[in-house]
Amino acid sequence: MLEKLRELALRYEDLEAQLADPAVYGDAGHLRTINRELKELGPIVEAWHAWEQAEQRRTGAEALLRDPDLRELAQEELSAAKAELERLREELKILLLPKDPNDSRNVIMELRSGVGGEEGALFAASLLRMYTMYAQNHGWKMDIVNLNETELGGVKECSVLIEGEGAFSRLKFESGVHRVQRVPETESGGRIHTSAATVAVLPEADEVDVEINPADIEMQVYRASGAGGQHVNKTSSAVRLIHRPTGVVVECQQERSQFQNRDKAMRLLASRLYEMEQAKQDADIASRRKSQVGSGDRSERIRTYNFPQGRVTDHRIGLTLYKLDAVMDGDLDELIDALVTADQAEKLKSGGEQA
């Protein structure tokens, strides 16, 4: 582990030296790659420097043990240094776990109503509000790319772009089926219904990740539907892109201009194709799936929101919280922190990166 840490510290210094070269700033893609790697290595290098300082303290304290007048003080310093080294060892074990290369990316999130008809759509709208508030709490920018609503304000399907530091690293655990148990607004008899909505979380693809041949794309324009005012409904500003080789279809109708809608639709298409390519690679690495809390499969039921009992249960880690109102208002960190910890524990247990 120590040799690897020394190598990473040298790599960090090399990247910092590259940033001092003016030529780097002429290549936006290369500059983005350098900054991303620096950001990833930063916590590791910081912990490594702390380790070196603690090791110096330990060595110095051991030398002072030979002095009778300072032996007691040296023993206290030695114990403190050893405790610090042990803490840093555990921290570094986690920091050195294989990183998801997508953790620093922005997010394309797709929500769809599932079983339950209109109630499923209303629950999808509740989830959209929950994630909107969670993004706001973290200072992330959330932009609706496409929204298909029901007459009662439910969400049949929705695609949103979430931009912000660490967005994917936090939200990737949200992929799957979210089940709700509550008395629907449309229920007059007060009976509890079970409905569901699905969430898919995709890392936004960089331009260099996916090469899309313009000749493979069929673009259709149409008039946007739903809320948006006269301009949206009277002009053909909405865009639908069809990727012929894969059959992937994306839409965007939230912007006022056709150009803006096409730009966002292209970002969504690139992310869908990037996810498809990753799925092919992941299928060949079964062990990776075993070391994850959830596979990200949107058919997997991951969480239940029980309104009569005010509880939310994450089935992957068996965690139940009796703070449903807070969760629906975007207070998701306790859930996500537990998922991150469980994921790290699984990777350590499977020997992901032995220290």
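Which residue forms a salt bridge with Lys323, and how far apart are the closest N and O atoms? The partner is Asp331, and the gap is 3.2 Å. Keep in mind that this is a predicted model. The legends below go through it one close-up at a time.

**View 1. A salt bridge between buried residues.** Now turn to Arg316 and Asp314, whose side chains meet in a salt bridge of 2.7 Å from N to O. Both of these residues are buried. As a bit of background, side chains of opposite charge can pair when their charged atoms come close.

**View 2. A network of charged residues.** Salt bridges with shared partners link Glu110, Arg112, Glu157 and Arg272 into one network. Across the whole structure, a search turns up 31 salt bridges.

**View 3. The largest nonpolar core.** This core has 34 residues, and those with the most contacts inside it are Met109, Leu127, Tyr131, Ile162, Leu171 and Tyr305. Several elements give two or more residues to the core, including strand 1 (107-113), strand 3 (155-163), helix 5 (167-171) and helix 10 (333-349). Helix 4 supplies the largest share, with 9 residues. In general, nonpolar side chains in soluble globular proteins tend to be buried together.

**View 4. Tyr131 and its surroundings.** What does Tyr131 touch once its neighbours within four places in sequence are left aside? It is in contact with Met109, Leu111, Met142, Leu171, Glu174, His178, Val199 and Leu332.

**View 5. A nonpolar patch on the surface.** Leu64, Leu70 and Leu73 form this patch, and together they have about 260 Å² of accessible area. Leu70 is in the loop between helix 2 (28-64) and helix 3 (71-95). Is Leu70 buried or partly exposed? Its relative accessible area is 32%, so Leu70 is partly exposed.

**View 6. Ala224 in its loop.** You'll find Ala224 in the loop between strand 6 (217-222) and helix 6 (229-234). With a relative accessible area of 6%, Ala224 is buried. Glu255 is 31 residues away along the chain, and the C-alpha atoms of Ala224 and Glu255 are separated by 9.6 Å.

**View 7. Stretches to read with care.** Over residues 227-232, pLDDT stays under 50, and the model has 4 contacts there beyond four places in sequence. Residues 285-292 also keep a pLDDT under 50, with 10 contacts beyond four places in sequence. For the protein, the mean pLDDT is 86, and 89% of the residues reach 70 or more.

Notes: Residues are numbered from 1 along each chain as its sequence is written. This is a predicted model: local features need pLDDT of at least 70, side-chain atom pairs count only at pLDDT 80 or more; totals for chains, interfaces and linings use all residues. Side-chain values use heavy atoms; hydrogens and water are left out. A nonpolar core is a set of buried Ala, Val, Leu, Ile, Met, Phe, Trp, Tyr and Cys residues joined through side-chain atoms within 4.5 Å. Buried means under 20% relative accessible area, exposed over 50%, partly exposed in between (1.4 Å probe, protein chains only). Helices (H or I, at least four residues) and strands (E, at least two) are DSSP runs, numbered from the N terminus. Contact means heavy atoms within 4.5 Å. Patches are made of residues with over 30% relative accessible area and no salt bridge: like charges are joined within 9 Å, nonpolar side chains (Val, Leu, Ile, Met, Phe, Trp, Tyr) within 5 Å. Accessible areas come from the Shrake-Rupley method with a 1.4 Å probe; for residues, only the protein chains shown count as cover. A salt bridge is a side-chain nitrogen of Lys or Arg within 4 Å of a carboxyl oxygen of Asp or Glu. pLDDT is the predictor's confidence in each residue, from 0 to 100.
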